[in-house]
Amino acid sequence: TTTTTYTTMSNQLVVPQLTMGGWWSYLLQQINQQTLYQMYQWFAATDIDKNGVITVNELASMTFNGHPLGVMVAKKLIRVFDKDRNMCIDFSEYAALHQFMNVINTAFLAGDANHTGTIDAQEIYTALGVAGFNMLSFPTIQSSMAKFSTSPYGLTFDQFLLMAATFAHCRSLFEWNDPNHSGVIHLTYDQFCAVAVDVLPIN
């Protein structure tokens with residue numbers, strides 16, 4: 001993560017090209033100028049010490065859908081988009097992160113067709129597919145649900161966001177270990193342990 005948060009061109013915010021190319025580059029391509037300016041205002045308000053990057057604690061205090069994200073979700077989200085893994089993000093990485101949350105929120109609302117405030121396994125499977133995670137199988141979704149909630153009614157939005165962020169984190173780790181984009185990775189035991197530990201919750 002660099003401290004250069006954005007560049008300007010003809011009075012427009014421009015996302016640096018170095019961030020384009022990851023699996024989440026499609027998120028940046030969805031953002032128009034008006035939304036980008038709004039996101040920059042969110043970024044500036046969240047960057048409490050005004051050093052051009054957002055830390056875990058700063059992101060944890062950010063309110064989304066009326067609730068603070070909290071430290072656990074903030075750590076997971078930063079790990080998804082923090083390409084140099086220094087646990088802070090610049091504006092271009094934040095823009096992708098914020099758009100990811102928008103996409104997940106839209107997918108949750110679409111999945112919660114009966115407006116109960118929770119979504120079950122089938123609805124989660126559909127919602128994640130809408131959000132761009134159609135490579136996940138239904139059995140994987142079913143077996144993962146218990147990791148995020150013990151409720152028989154499914155996941156709330158906060159729980160669904162954490163699940164989606166976890167799958168997104170796995171996707172980033174997979175991509176970083178698949179430089180040729182072959183869709184298959186080969187890991188030594190040491191590399192596998194490093195990846196596994198990276199996915200674990202951190203204090």
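**Fold and nonpolar core of a predicted model**

Of the contacts in the protein (heavy atoms within 4.5 Å) with a separation of 6 or more, 62% join residues 24 or more positions apart. The structure is a predicted model, in which local features need pLDDT of at least 70, side-chain atom pairs count only at pLDDT 80 or more, and totals for chains, interfaces and linings use all residues. Residues are numbered from 1 along each chain as its sequence is written, and side-chain values use heavy atoms, with hydrogens and water left out.

The secondary structure consists of nine helices and six strands; these are DSSP runs numbered from the N terminus, with helices being H or I of at least four residues and strands E of at least two.

Of the 203 residues in the protein, 45% are buried, where buried means under 20% relative accessible area, exposed over 50%, and partly exposed in between (1.4 Å probe, protein chains only).

In soluble globular proteins, nonpolar side chains tend to be buried together. Here the largest nonpolar core has 54 residues; such a core is a set of buried Ala, Val, Leu, Ile, Met, Phe, Trp, Tyr and Cys residues joined through side-chain atoms within 4.5 Å. Elements giving two or more residues to this core include α1 (25-29), α3 (56-60) and α8 (157-176), while α5 gives the most, with eleven residues. Leu-59, Phe-100 and Leu-128 have the most contacts inside the core. Beyond its neighbours within four places in sequence, Leu-59 is in contact with residues including Ile-54, Leu-77, Tyr-94 and Leu-97.
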